[in-house]
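Subject: Structure handover

Hello,

Here is the structure we talked about. Please open it alongside this note; my findings follow below.

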Amino acid sequence: MNPNVPPVKPSLLLSLILAGTFYPPTGATPAGHGFDSARQHWAFRQLQLPSLPPVKNLAWPRNGIDYFVLSRLEKEGRQPTREADPATLIRRVALDLTGLPPTPEEVDDFLADISPNAYEKVVERLLASPRYGERMAIVWLEAARYADTNGYQSDGERFMWRWRDWVIDAFNKNMPFDRFTIEQIAGDLLPAATLDQRIATGFNRNHRGNGEGGIIPEEYAVEYVVDRVDTTCTVWLGLTMGCARCHDHKYDPFTQKEFYQLFAFFNNLPEKGRANKFGNSPPLIKAPTAAQAKRLEDLDAKLAAAEMEFRVLEPEIASAQEAWEQSLSKAASRVGIANLKTEAGPEEGHGNREEAGSVKSDPEPRTVIDLASVSDGLRAHFPLDRDTLCAPGTTNSVQIQDGDAAFAAGRIGLAAEFDGQRFLAAGDAGNFGFLDKFSFAAWIFPKDGNAGAVLSRMAETPEAEGYSFCMSNGRVQLNLVKRWLDDALRVETNADLEPNRWHHIVATYDGSRVAEGIRIYIDGSALLIKVNLDELNQSFKTSEPFRIGSGGGPETRFHGLVDDVRIYHRALDPDEARILSTSETIAEILSRPRDQRSSAQTLKLRTFFLDNRAPDHLRRLRADLKAIRGAREEFYDGLPTTMVMEEMARPRETRILFRGQYDKPGDRVNANVPAVLPPMAQIAERNRLGLAKWLVDPANPLTARVAVNQYWQLLFGTGLVKTAEDFGTRGELSSHPELLDWMASELIRSGWNVKALQRLIVLSATYRQSSRVSSELVRRDPENRWLARGSRIRLPAEIVRDQALAIGGLLVEHLRGPSVKPYQPAGLWNELSGTDYTPDKGEKLYRRSLYTFWKRTSPPPMMSVFDAAGREACSVRQSRTSTPIQALDMMNDVTFVEAARALAERVMKEAGVSAEARISRAFRRATARQPGPKELRILLDNLNDHLAYYRAHPEAAAELCRVGELPTQPETDPVELAAYTGVASLILNLDETLTKQ
């Protein structure tokens, strides 16, 4: 029982139970129910700098930490343990600060350095290493519940690795902890927020996101905000604030109202409760790396220069075009133009209808310019003339179904006539999905306001999966559909389309999966769009053929004429839509006086001139400009994105939720902090930025204490407060309360300097103690809470793997970057999500575990075996178990078998032909020390056993040497290599190798 919470009389409990109330009653003031004393709990008291306590052994302390530890030991009648031997000490500090063991050469240098500050130099080198940021990031990713997938059923991939990059860089730059806090909580709200500061806010977008179709979005919108409150309070305040979601906290002085006051800080994100099933969910931003940002800057500069050069030449272009026009007589212009791509066709206009399958009469043919003045990205073209349903050279085949062909005079030549029955099937044209950019264009002559589907790739059933571009209820619609009611993007024009006349329609989609990425143009002008559903979550790609005149069932087949259907695999821009809507040929435009040409005709003529008739140097400049613009667009589209925090223009209302239920709102609350803690400054913003500043205000008694405890836990395995996630009344008391407060005060005084704090700890005599322990001390202090010895703990999962790769010489050290997929047993993902796991190849197999792809519903199995956090929720305290499956993994996992083989081959090259030298070298790479005589004898016996076995079974030796992608050197004897691999595997699996001594 916690001594800070007074006992409750059984009679009071009984009366509360019989009355059907809660303890303490929901909404009630905590006073009178044991909460007054809880308000005096040590963690809520103001932080004050304690004096260094007196000690007897003045020769032992190296810094302030040691005075507090030694004072406690002397009270317990104990003395500290002697300092660890140098090899053990350098391995310990290297693993703690970088997550990787020292090389034999680094150990030798340390042992040879007789200067009094030799150890200090090692510490400075490790703190300055880029490996330091990667080591520190591991525990922060667990706290931030970072993963590469959304969680829940299908557990689709998301992309947050740019936030992980930010964390690594922040640690390596020694970003002050207060700034580290502010940028992650509210970097987007800082004045003139930088890209990095916006990326930092991904901390609170790392939670799980449910993209399933059957969920209630409002429910999960609440869950995401609750997660942010829980995580923020756990990481920075060490509080179990989530306990107050449904009622007042049962043990700590926090009311349900205060929970929702904190909730209000995070309730203004413009996000939907249903996340994107695949990829990132808004709000998100483009987040180029430094190299990518430089490349983008160069492309922008190159594009701007090209555009400027072209603008400067505008007078020359206009003069050249005018000269070209004047050089053509009316007859000569027709001849000159005819030298370009031409085709035969009738005069434009809808003219008279023709009988199905025949043409009554053709107007007099003439030579015209093909209208493909917008040809970039043209994937398919259907002129829909009698003899040219498909454009020449296309691979698409068109079949007329449910009727005979019928044509009438069209807008350009002939047009296909649709009677609500017949339609055209065009095979695999327009095979797009929800991440593809595309555009559709066509001339239509609708019979009425419900003319039906112009084009589609959709089953012949109502509200089917796929897409359709159609006319319904007088409006032009674009429907991109996975499921009609809850997984689709369906929009329509706000204005009706007049029937019984020709219109040019264009729809563009930018691959963004949101309605904002759609444009619909009618006769060259963009129309306002009404959004019918904006919930596209999965790809609408189908195996249905591309159809013209049909889509969504027989009752929606088109009535009217359709002409000149075009499909582009990019989103056309407004100028291109205007050009396509201009049916007049170049000859016809030229025949008109300049002052009688429309702006669209003028644009079309200028485009034609620049592409086909301008002087060579102008055509080259225009081609270069288009190429640069295309390269810039392609590069920009490929840039990584990351999810970020963002405030709504109008704050969302926050109400207390009865028993935490999303659909049971109660009283309205405003953003605020718990009353038991110091209030926010009067001038503070009542938003996330104000909250972040409050968290790192020196008056806040918790943040510095919690941060110090987490860093202590990282180095010693257990925090001074063992319950790192709970500093409340149900948490464990600090083993050294004055030491905790002294270090917290030092952290603030140093300007929140994290490296200075860690330097202070690892340079202390407390940290340097040997981990050897007597049975009597184990009996009296089994968990080392007195700190009478050095910590001896099993390495975290990530370091177990990274160490093996490093020892074997396989580790590839590239800082930052996307997640990678190392070896994993086949079939694990299929069991849960029906998707296959495909391991990467080459150097990606050997990157640090920090970068391993993390699927929430199926975490990396080796990580799970060695107790890594599951990443479904915030975790700030690591569990450690010792199970047989860990040894089985070390001996059979491809990663470790390959690392053992690499280590064997490495020492066979480094240490000559002596078995003793080879084994000693392998042992020292793993443990930083030489093996003792007995240890060496055991390992030599093991080698001889393996040699005997593999000489008798050479096929087994060959098979072992093929494990993993690493090629074996052709001159290596497989039997000998297999034997040394067995010994190396044993060394990698030693308790001493897997623990920090």
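Which residue in E12 is the bridge partner of Arg457? It is Tyr467.

First, the ground rules. This is a predicted model, so local features need pLDDT of at least 70 and side-chain atom pairs count only at pLDDT 80 or more, while totals for chains, interfaces and linings use all residues. Residues are numbered from 1 along each chain as its sequence is written, and side-chain values use heavy atoms, with hydrogens and water left out. Helices (H or I, at least four residues) and strands (E, at least two) are DSSP runs, numbered from the N terminus.

E12 covers residues 466–472. Strand E11 (residues 452–458) runs antiparallel to E12, joined by six bridges. Strands count as paired if DSSP finds at least two bridges between them. E12 also pairs with strand E13 (residues 475–483), antiparallel, over seven bridges. There, Ser472 faces Arg475 of E13. The hairpin of E12 and E13 has two residues between the strands. Asn473 takes a positive phi near 55° in that hairpin.

Strand E20

E20 spans residues 559–568. Nine of its ten residues are buried, so E20 is largely enclosed by the rest of the structure. These strands pair with E20:

- E5 (residues 378–382): antiparallel, four bridges. Ala380 stands opposite Ile567.
- E8 (residues 414–419): antiparallel, four bridges. Ala416 stands opposite Val562.
- E10 (residues 438–446): antiparallel, seven bridges. Ala441 stands opposite Arg566.

Helices

H7 (residues 130–143) packs on H8 (residues 161–172) at an angle of about 125°, with the axes 8 Å apart. Axes are lines fitted to C-alpha atoms over the stretch in contact, and angles run from 0 to 180 degrees between N-to-C directions. The contact (heavy atoms within 4.5 Å) includes Tyr132, Met136 and Trp140 of H7, and Trp163, Val167 and Phe171 of H8.

H18 (residues 599–613) has 15 residues. From first C-alpha to last, H18 reaches 20 Å, close to the 21 Å expected at 1.5 Å a residue (1.5 Å times one less than the number of residues). Buried residues in H18 include Leu603, Phe608 and Leu610.

Best wishes

Definitions and conventions. Buried means under 20% relative accessible area, exposed over 50%, partly exposed in between (1.4 Å probe, protein chains only).
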